[in-house]
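Student: Could you walk me through this fold, with the cut-offs behind each term?
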Amino acid sequence: MSRFVVFYEPADDVLTVGAPHMPAHSAHVDAAAERGDLLAVGVFEDPQRHGSMCVLVSREAAERFVREDPFVVNGVVRSHRILEWHDILA
């Protein structure tokens with residue numbers, strides 16, 4: 001089964017820069033989960049160095065998630081990439 005993983009590379013000082021946009025980002029995450037598009041989301045052990053990722057059900061859902069994410073729109077995310085992932089346990 002294919003899933004789509006979005007990797008975010010953070011902007012400098014991501015925790016400070018991201019704080020004002022966290023409520024809108026959280027609402028965006030919640031909406032994607034409620035639609036059934038978002039399966040998992042989180043940060044790595046050091047978000048400034050390693051960023052974050054999320055797993056979505058389709059490429060379209062992943063592209064929409066990125067396009068509408070307040071973190072992307074407001075420059076909290078420096079760059080992103082979307083990779084197709086084959087979940088062999090699903």
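Student: What should I know about the model before we start?

Tutor: This is a predicted model, in which local features need pLDDT of at least 70 and side-chain atom pairs count only at pLDDT 80 or more, while totals for chains, interfaces and linings use all residues. Residues are numbered from 1 along each chain as its sequence is written, and side-chain values use heavy atoms, with hydrogens and water left out.

Student: OK, how many helices and strands does the protein have?

Tutor: There are 5 helices and 4 strands, and from the N terminus on the elements run β-α-α-β-α-β-α-α-β. Helices (H or I, at least four residues) and strands (E, at least two) are DSSP runs, numbered from the N terminus.

Student: And what is the radius of gyration?

Tutor: The radius of gyration is 13 Å, close to the 12 Å that the globule rule gives for 90 residues, so the protein is as compact as a globular protein of that length. The radius is taken over C-alpha atoms, and the rule is 2.2 Å times the number of residues to the power 0.38.

Student: Switching to the sheet: in what order do the strands come?

Tutor: The 4 strands form an open sheet in the order 2-3-1-4 with antiparallel pairing, where two strands pair if DSSP finds at least two bridges between them. Strand 2 (38–43) and strand 4 are at the edges with a single partner strand each, so one side of each has no neighbour in the sheet.

Student: How many bridges join strand 1 to strand 4?

Tutor: Strand 1 (residues 2–10) and strand 4 (residues 77–86) are joined by 9 bridges, whereas 5 bridges join strand 1 to strand 3 (residues 52–56). Phe 7 stands opposite Arg 81 in strand 4, and its bridge partner in strand 3 is Met 53.

Student: Now helices: at what angle do helix 2 and helix 4 pack?

Tutor: Helix 2 (residues 22–35) and helix 4 (residues 59–68) pack at about 160 degrees, with their axes 11 Å apart. That makes helix 2 roughly antiparallel to helix 4, a label for angles over 145 degrees. Axes are lines fitted to C-alpha atoms, for helices over the stretch in contact, and angles run from 0 to 180 degrees between N-to-C directions.

Student: Which residues make that contact?

Tutor: Helix 2 contributes His 28, Val 29, Ala 32 and Arg 35, and helix 4 contributes Arg 64, Phe 65 and Glu 68, with contact meaning heavy atoms within 4.5 Å.

Technical notes:
Angles under 35 degrees count as roughly parallel, over 145 as roughly antiparallel, 65 to 115 as roughly perpendicular and the rest as oblique.
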